[in-house]
Amino acid sequence: MKFAIISHTLHKSKDQKLYAYEPYVREMNLWLQNVSETRIVAPISKEQISAIEVAYNTNSVILKEIPAFNVLSLKTKILSIFKIPFIIIQIIKACFWADHIHLRCPGNVGLLGCFVQILFPSKAKTVKYAGNWDPKSKQPVSYRLQKWILSNTFITKNCKVLVYGEWKNQSKNIVPFFTASYVDNEIIEVPQKDFSSKINFIFVGSFTKGKQPMLSVKVVEKLLANNINVALDMYGNGLEFKNVQSYIEQNNLEGSITLHGNRTKEIVKEAFQKAHFLIFISKSEGWPKVVAEAMFWSCLPISSKVSCVENMLGFGARGTVVKSNVKENDIVSIIENYIKQKDLYQKQVLDAKNWSQQYTLEKFSSEIKKLLLHE
C-alpha cells in the first residue's frame with residue numbers, strides 16, 4: 001500500500017533518518033507497519049534534534065518538503081500567497097501517487113489537504129483530527145472550516161475522521177478514537193501512594209499561557225503556605241519558561257519546585273510514577289496525553305473541562321474536572337479535600353489507572369490496522 005501523509009509537523013533530517021515530535025512519530029510508526037511505501041508532505045527544520053524528537057523506525061519514507069507558513073501577520077499573509085500554490089501542487093502529487101491518503105488536522109497544511117482530498121473521492125482516506133472536536137467550543141475560523149469540510153459526507157467521501165471524545169449528532173464518517181503511549185509489558189504495579197510524607201505534584205506540557213504552568217506553581221505555593229509538605233516537578237519548555245523561573249526564584253520556591261525542561265519519555269514516566277497529582281489546567285486540547293499518562297501511573301489528574309477531558313475523567317469519578325479559568329484557591333481546596341478523604345483518593349486513582357491501562361499501543365495498533373484494511 002502506498003501511503004501519503006499530509007502534515008504540518010516539522011521534520012528534521014540527520015544521518016539519512018527523519019525525526020519529528022516523539023508522540024507523533026510513535027503513532028505514525030504504527031500506521032507505517034501496515035504499508036509498503038510512504039510519502040510525507042511536511043515542512044522541514046534545520047534546527048538541532050531535541051530530546052522530545054525521535055526517528056521513524058522505517059527507511060521506506062520519502063519526505064516531500066514544503067515551506068512552513070502562517071497567516072498571523074500582514075507579512076506572513078503576503079508570503080503565504082507565494083507558498084500556498086507550491087504546497088497544493090505537492091499535496092496533489094502525493095494524493096495521485098497514494099493508495100491511501102492520511103491527513104493530520106487541524107493545521108494550515110491540513111486545511112489545504114482538506115480542500116485537495118475533495119478531488120479524490122474514490123481514494124481511501126483517514127484524517128486524524130488531533131484538536132478539540134467539541135462542537136460547542138470556540139475555535140479559529142480555519143479550524144471550524146476544517147471540521148465542516150470533514151463532516152460533510154457530500155464533499156468528503158470514502159473517509160474516516162478520527163476524533164477525540166464522543167459527541168452527539170455527528171455524521172457517519174466521524175469515528176471516536178484515542179491515543180496511546182505505552183505497551184502492555186510496560187505495565188507494572190506502582191506502590192500505593194499515600195500522604196504520610198511529601199505529596200508530589202507534576203506538570204507536563206508546553207510552557208505557554210494556554211497551558212497555564214504558573215497556575216500549578218501558585219497552587220503549590222499556597223499549599224506550602226498552609227504548612228502542607230509538597231513538591232512540584234515541571235517538565236516542558238516554551239515562552240513562559242523564564243517567567244515561571246523568575247517567579248520561583250523571587251518567591252524562594254527552588255527547594256520545592258523543580259524545572260526540568262524537556263526530558264525523554266522514560267524520565268517523565270518515572271516522574272509520573274512518583275507523583276500523587278497532575279495539575280494540568282489547559283485552555284485548549286485535543287487528546288491530552290499527559291492526562292492519560294498520569295492516570296496510567298496512578299497519578300490523579302486535576303484538569304480542565306476542554307475537549308474530551310470530562311469523558312476521560314469519568315465526569316469526576318477518575319479525577320477532578322475544573323473550568324479553565326479556575327482560581328488557585330479552588331484547586332487548593334480540592335487537594336485538601338483529597339488529603340482529608342484518603343479513601344476517595346485511592347478509589348479514584350485505581351479507577352483512573354484501570355481506565356487508562358485499557359488503551360495500550362497494542363490496542364491502538366490493532367484499531368489502526370482495522371482502519372487501513374477497512375474492517
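What follows is a conversation about a sheet, some salt bridges and a surface patch.

Modeller: This is a predicted model, where local features need pLDDT of at least 70, side-chain atom pairs count only at pLDDT 80 or more, and totals for chains, interfaces and linings use all residues. Residues are numbered from 1 along each chain as its sequence is written, and side-chain values use heavy atoms, with hydrogens and water left out.

Biologist: What makes strand 2 and strand 3 a pair?

Modeller: Two strands pair if DSSP finds at least two bridges between them. Strand 2 and strand 3 are joined by three bridges and run antiparallel, so by that definition they pair. Strands here (E, at least two residues) and helices (H or I, at least four) are DSSP runs, numbered from the N terminus.

Biologist: Which strand comes next in the sheet, and in what order do they lie?

Modeller: The open sheet has three strands in the order 2-3-5, with antiparallel pairing. Its edge strands are strand 2 (12-14) and strand 5 (53-55), since each pairs on one side only. On average, neighbouring strands are turned by 35° against each other, direction ignored. Three bridges also join strand 3 (residues 17-21) to strand 5; there, Ala20 has Val54 as its bridge partner and Tyr21 stands opposite Glu53. Helix 1 (residues 22-32) packs on the sheet, touching strand 3 and strand 5, and its direction makes about 120° with that of strand 3. Contact means heavy atoms within 4.5 Å, while axes are lines fitted to C-alpha atoms, for helices over the stretch in contact, with angles from 0 to 180 degrees between N-to-C directions.

Biologist: Why is the meeting of Glu22 and Arg26 called a salt bridge?

Modeller: The term needs a side-chain nitrogen of Lys or Arg within 4 Å of a carboxyl oxygen of Asp or Glu. For Glu22 and Arg26 the N to O distance is 2.6 Å, so the pair meets the definition. They are about one helical turn apart, because four residues separate them in helix 1. By this rule the model has twelve salt bridges.

Biologist: How do you know that Glu186 and Lys269 are buried?

Modeller: Buried means under 20% relative accessible area, exposed means over 50%, and partly exposed lies in between (1.4 Å probe, protein chains only). Glu186 has 14%, so Glu186 is buried; Lys269, at 11%, is buried too. Their side chains meet in a salt bridge at 2.9 Å, N to O.

Biologist: What makes Lys347 exposed but Asp351 partly exposed?

Modeller: Lys347 has a relative accessible area of 52%, so Lys347 counts as exposed. Asp351 has 26%, which means partly exposed. These two side chains also meet in a salt bridge, at 2.8 Å, N to O.

Biologist: Which residues make the nonpolar surface patch?

Modeller: Leu74, Ile78, Ile81 and Phe82 make a patch of about 490 Å². Patch residues need over 30% relative accessible area and no salt bridge; like charges are joined within 9 Å, and nonpolar side chains (Val, Leu, Ile, Met, Phe, Trp, Tyr) within 5 Å. Areas come from the Shrake-Rupley method with a 1.4 Å probe; for residues, only the protein chains shown count as cover. Ile81, in helix 2 (residues 74-97), has 59% relative accessibility and therefore counts as exposed.
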